[in-house]
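Visitor: Please give me a close look at one part of this structure. Stay with that part, and spell out the cut-offs as you go.

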Amino acid sequence: MNLRRFLCLFNRHRPNRNRTKWNGHFYTSKCEACGQPVYRLGKQKWRKDNQEAPGKV
Ligand SMILES: [Zn+2]
């Protein structure tokens, strides 16, 4: 199994740095390993876009 994909299963995504964007609330990008949209939750913490987003409360 691809190690990076494996990490994705644990919601540890690796965003493409060149595609990181600031959307006014948080950084968003696309995971290089699984290709899914992700957002930055904190330092080295990226979560899938379809999960609870910060400020969405
Ligand atoms: Zn991923």
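Guide: Start in the sheet, where β2 and β3 run antiparallel and are joined by three bridges. This is a predicted model, in which local features need pLDDT of at least 70, side-chain atom pairs count only at pLDDT 80 or more, and totals for chains, interfaces and linings use all residues. Residues are numbered from 1 along each chain as its sequence is written.

Some terms come next. Strands here are DSSP runs of E with at least two residues, helices are runs of H or I with at least four, and both are numbered from the N terminus. Two strands count as paired if DSSP finds at least two bridges between them. In general, the strands of a sheet pair through backbone hydrogen bonds, either parallel or antiparallel.

Val38 lies in strand β3. Ser29 has Val38 as its bridge partner in β3. On the β4 side, Val38 has Lys48 as its bridge partner. Strand β3 covers residues 37-42 and strand β4 covers residues 45-48; four bridges pair the two in the antiparallel sense.

Is Val38 buried or exposed? Val38 counts as buried because it has 28 C-beta neighbours inside 10 Å. The cut-offs: buried means 20 or more other C-beta atoms within 10 Å of the residue's own, exposed means 12 or fewer, and partly exposed is in between, with C-beta atoms placed from the backbone. Across the chain of 57 residues, 12% count as buried.

Val38 also belongs to the largest nonpolar core. Five residues make up that core: Val38, Tyr39, Trp46, Cys8 and Cys31. A nonpolar core here is a set of buried Ala, Val, Leu, Ile, Met, Phe, Trp, Tyr and Cys residues joined through C-beta atoms within 7 Å.

Next, the contacts. Two residues are in contact if their C-beta atoms, placed from the backbone, lie within 7 Å. Leaving out residues up to four places away in sequence, Val38 touches His13 and Pro15, then Ser29, Lys30 and Cys31, then Trp46, Arg47, Lys48 and Asp49. Tyr27 is 11 residues from Val38 along the chain, and their C-alpha atoms are separated by 8.5 Å.

Step back to the whole sheet. It is open, with four strands in the order β1-β2-β3-β4 and antiparallel pairing. β1 (21-22) and β4 are the edge strands, each pairing on one side only. Strand β2 (residues 27-30) pairs with β1 in the antiparallel sense over two bridges. There, Lys21 has Thr28 as its bridge partner in β2.

The turns follow. The β1 and β2 hairpin has four residues between its strands, and Gly24 in that turn has a positive phi of about 105°. Between β2 and β3 the hairpin has six residues, and Gly35 takes a positive phi near 75°. Between β3 and β4 there are two, and Gln44 takes a positive phi near 60°.

Leu3 sits in helix α1 (residues 3-9). Leu3 counts as exposed because it has 8 C-beta neighbours inside 10 Å. Its C-alpha lies 9.1 Å from that of Ala33, 30 residues apart in sequence. Of the contacts in the chain between residues at least 6 apart in sequence, 23% join residues at least 24 apart.
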